[in-house]
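Dear colleague,

The model we spoke about is pasted below. My notes follow it.

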Amino acid sequence: MTKIFIVIYTTYTHIYQLALEVKKGVESDPEAEVELFQVPETLPQEVLTKMHAPPKPDIPIITAAKLAEADGFLFGFPTRFGTLPAQFQSFLDSTGQLWSTGALKRKFGGFFFSTSGQHGGQETTAFTSVTYFAHHGVNFVPLSTGLPYQGETSEVIGGSFWGSGTITGSDASRPISEKEKEVARVQGKEFVEIVGTYVRGTKVSIVNDEISVDNNNNYTNNDVSTTTQDARTRSIKKEKNEKKKKRFWICCKSDSFLDD
Ligand SMILES: Cc1cc2nc3c(=O)[nH]c(=O)nc-3n(C[C@H](O)[C@H](O)[C@H](O)COP(=O)(O)O)c2cc1C
């Protein structure tokens, strides 16, 4: 299974609705296991009431430690002054222990956004958030290969190569458009394809050929070479294994590799 977490912050629910579309895209992979979470709110209810914020979506609140369970995570947030909201920063700032233990290394991450305006900063939000991934050793997955509508000018469409998105209008009254929903689903689908390929690849264990590959991509030669083993046999085996290792990196697909 490929475990994907979608983690959001939302005030007016646009990001929640976009997350539901991203989730549908991830679920297109039958081997995917996807869970939706939100980060803790940091504003008091009194302030949220003054902001006319509706109730929070009915989804669990994530803890920093939980992140380590996923193979990949997609973070969704509304832009605040051209960057990510304090609520999400506060959550990410609580991941220091995960950083110190390297718990998120070699995982995958991506973003999706909402802004009130077309030029409100969806790209700067991604640009300023990607540092968290870099420091944690998380591989950033952009939305690039399958970005539909990238050149369309007939209507306002959120999202970019950095991730899917929606434009809410100044009073947050604009619903997510069908095209924005479609792009969000494409992002979920593309993301799980990439993460899934990696997860399956790292779980290859070539028992018969005496090579194991663990989740950290370390190769182990299980050949218990004893002093009685003929040196020539060992050398031929070593050569064969080297070839296998090279081919593993080329095809990187467990099933085609094991078919040989
Ligand atoms: C303090 C604050 C700062 C904001 N900054 C921006 C901004 O820089 N650019 C922008 O287009 N919208 C900005 N907005 C609007 C939000 O991005 C918009 O309300 C949000 O995308 C709606 O998403 P949600 O329904 O998931 O909360 C800001 C809103 C607040 C409350």
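Which residues is Ile6 in contact with, leaving aside its neighbours within four places in sequence? Ile6 is in contact with Ala19, Val22, Lys23, Val34, Leu36, Leu74 and Gly76. Two residues are in contact if their C-beta atoms, placed from the backbone, lie within 7 Å.

This is a predicted model, in which local features need pLDDT of at least 70 and side-chain atom pairs count only at pLDDT 80 or more, while totals for chains, interfaces and linings use all residues. Residues are numbered from 1 along each chain as its sequence is written.

Overall picture

pLDDT is the predictor's confidence in each residue, from 0 to 100. Its mean over the protein chain is 86, and 78% of the residues reach 70 or more. Over residues 205-209 pLDDT stays under 50, and the model has seven contacts beyond four places in sequence for them. The stretch 222-233 also has pLDDT below 50, with six contacts in the model beyond near neighbours in sequence.

The protein chain has nine helices and nine strands; helices (H or I, at least four residues) and strands (E, at least two) are DSSP runs, numbered from the N terminus. Of its 260 residues, 34% count as buried. A residue is buried if 20 or more other C-beta atoms lie within 10 Å of its own, exposed if 12 or fewer, and partly exposed in between, with C-beta atoms placed from the backbone. Among contacts with a separation of 6 or more, 73% are between residues 24 or more positions apart.

Core and strand S1

The largest nonpolar core has 47 residues, and Ile4 and Ile6 have the most contacts inside it. Elements giving two or more residues to this core are S1, H1, strand S2 (32-38), strand S3 (72-78), helix H4 (86-93), S4, helix H6 (122-136) and helix H7 (178-202). H7 provides the largest share, seven residues. A nonpolar core here is a set of buried Ala, Val, Leu, Ile, Met, Phe, Trp, Tyr and Cys residues joined through C-beta atoms within 7 Å.

Val7 lies in strand S1 (residues 2-8). Why does Val7 count as buried? Because 25 other C-beta atoms lie within 10 Å. Not counting residues up to four places away in sequence, Val7 touches Phe37, Val39, Ile62, Phe73 and Phe75. Its C-alpha atom is separated by 6.3 Å from that of Gly76, 69 residues apart along the chain.

H1 has 14 residues and reaches 20 Å from its first C-alpha to its last, close to the expected 20 Å. The expected span is 1.5 Å times one less than the number of residues. Buried residues of H1 include His14, Ile15, Glu21 and Val26, and the buried residues of this helix pack against S1, S2, S3, S4, S6 and H7.

In H6, the buried residues are Gln122, Thr125, Ala126, Ser129, Tyr132 and Phe133. Their cover includes H4, S4, strand S5 (139-140) and strand S6 (165-167).

Regards
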